[in-house]
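Please open the structure in a viewer and keep the selection tool at hand. The stops below say what to select next and what is there.

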Amino acid sequence: MAKIKRIFIANRGEIAVRIIRTCRELGIETVLGVSEANRDTLGAQLATRVVCLGPAAATQSYLKVGTVIEAAMGTGCDAIHPGYGFLSENKDLAEACAETDLIFIGPSPDNLTAVGDKLTARTHDEKAGVPLTPGGSVDTEAEALKLAEAVGFPLLIKAVSGGGGRGMKRVNSAAELPAQLNLAISEAAAAFGDGRVYLERFVTVGRHVEVQILSDGETVLHTGERDCSVQRRYQKVVEEAPAPGLPDTLRQGLLDAAVTYARHISYRSLGTVEFLVDVERQEFYFLEMNARIQVEHPVTEAITGLDLIALQIAIAEGKPLGMRQNDITLHGHAIECRLNAEDIQSDFMPSPGRIKQAWFPSLTGVRVDTHMQPGAMISPFYDSMIAKLITWGPTRADAIARMQAVLNLHTLDGVTTNAPLHSAIMADETFQQGGVDTTYLTGVLPRLTEDKT
């Protein structure tokens, strides 16, 4: 069993600050790898030491495996924490860590291989006996047309190595399929260097529900589920836990299926198994497994009282979980709003710039994960998320009310944010009733973003 004394954080923004917070509580030193654009960030100020990885562009800094390994070794680190995004699910980084005796705070290279390729993940899913959305891989237009006849329309074309909606196309008829197939293949090749795609039944009314998994390699536990159905262009906007309005049998089926899948691939670390719930059929299908800490992990922490980053580090050290499923209890309800620097009146165009004022109210049941402070620069080189607002309440209505208070009271001047959209969602009667599907935001967006000035 290894004792981690110094961690190299290969990430930026709020997740870097989040990891540093737990490391301080554990008495672990931190070295933060930064790009030239992030030398003066809050994370850089809080870390024990800072090392520049390269220019602002991620491809020349945060995504360079060799540079990250060299920086970690050169600063005497025991381990690398990749956060989310960037190299968090990169098998090459995990293998490089093993070759240099660095601890990769994440799953094994074999685990990453099993879940990193969506077709491989589907194969494991079938073997594990977990419900799977009808579909399969295609290499040619003829194969696609034949499979489409069996799957039925509408359907989705998905990139094997994709994520975040890139390389994903909805097809409503056989006539549309050839053109959309070629477009999806081109986009996938450009975005991921992998033009492979597969077809999958499109669920007309679906909810995106995911299950947080903890595994030390022997014991596999879940910490309940999260609902991530409020999305725009396949990007999550609001998350909550537990998922409201799920029938108990369906909820238990999701939880059991997630544990079964993780156990089948001998998973070790934190991970999230994502499902699509078919509202009309009252069935669920496996989507994918994310082998990293999720952006939305705070809502799970809020209802369980667990520190998922601390558990992730402990598992990487080789420690057993030291708990059973019955030891994990869920209390109340939690909601997370992703606060982005974007203009909702201009088709969500990013709004980079310098923060003049940044203040969030200290209220009961409120947590804010952010790297913002007066003078902070929102760079055009990275994603536009600048803070995560998390509220907890004994009931879902309480959590919503607290979120409305935070949105009304906070101050973030210097850039335009999507706070008005979040306020509109929290006040929307359909959202307040709970159980919205993935088409919810698209359907109400014109009304929610209407300029009332």
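Select Pro-154, in the loop between helix 7 (141–151) and strand 7 (155–159). Helices (H or I, at least four residues) and strands (E, at least two) are DSSP runs, numbered from the N terminus. The peptide bond joining Phe-153 and Pro-154 is cis, with omega about 0°.

This is a predicted model, in which local features need pLDDT of at least 70, side-chain atom pairs count only at pLDDT 80 or more, and totals for chains, interfaces and linings use all residues. Residues are numbered from 1 along each chain as its sequence is written, and side-chain values use heavy atoms, with hydrogens and water left out.

Next, go to Pro-242, in the loop between strand 12 (235–241) and helix 9 (248–264). The bond from Ala-241 to Pro-242 is also a cis peptide bond, and its omega is near -5°.

Now select helix 3, residues 65–74. Which of its residues are buried? They are Val-65, Val-68, Ile-69, Ala-71 and Ala-72; buried means under 20% relative accessible area, exposed over 50%, and partly exposed in between (1.4 Å probe, protein chains only). Seen down the axis, these buried residues fall within an arc of 165°, so they line one face of helix 3. The arc is that of the directions from the helix axis to the C-beta atoms. On the face turned away from the buried side are the exposed residues Gly-66, Glu-70 and Gly-74. Show also strand 1 (6–9), strand 3 (49–54), strand 4 (79–81) and helix 4 (91–99), which are among the elements that cover the buried residues of helix 3; contact means heavy atoms within 4.5 Å. After helix 3 comes Gly-76, with a positive phi near 70°.

Asp-101, in the loop between helix 4 and strand 5 (103–104), has a positive phi of about 65°. Asp-101 counts as exposed because its relative accessibility is 70%. Arg-233 sits in the loop between strand 11 (220–232) and strand 12, and its phi is positive, about 55°. Arg-233 counts as exposed because its relative accessibility is 56%.

Finish with Thr-300 in helix 10 (residues 297–304). Is Thr-300 buried or exposed? At 1% relative accessibility, Thr-300 counts as buried. Not counting residues up to four places away in sequence, Thr-300 touches Gln-212, Thr-223, Arg-226 and Leu-308.
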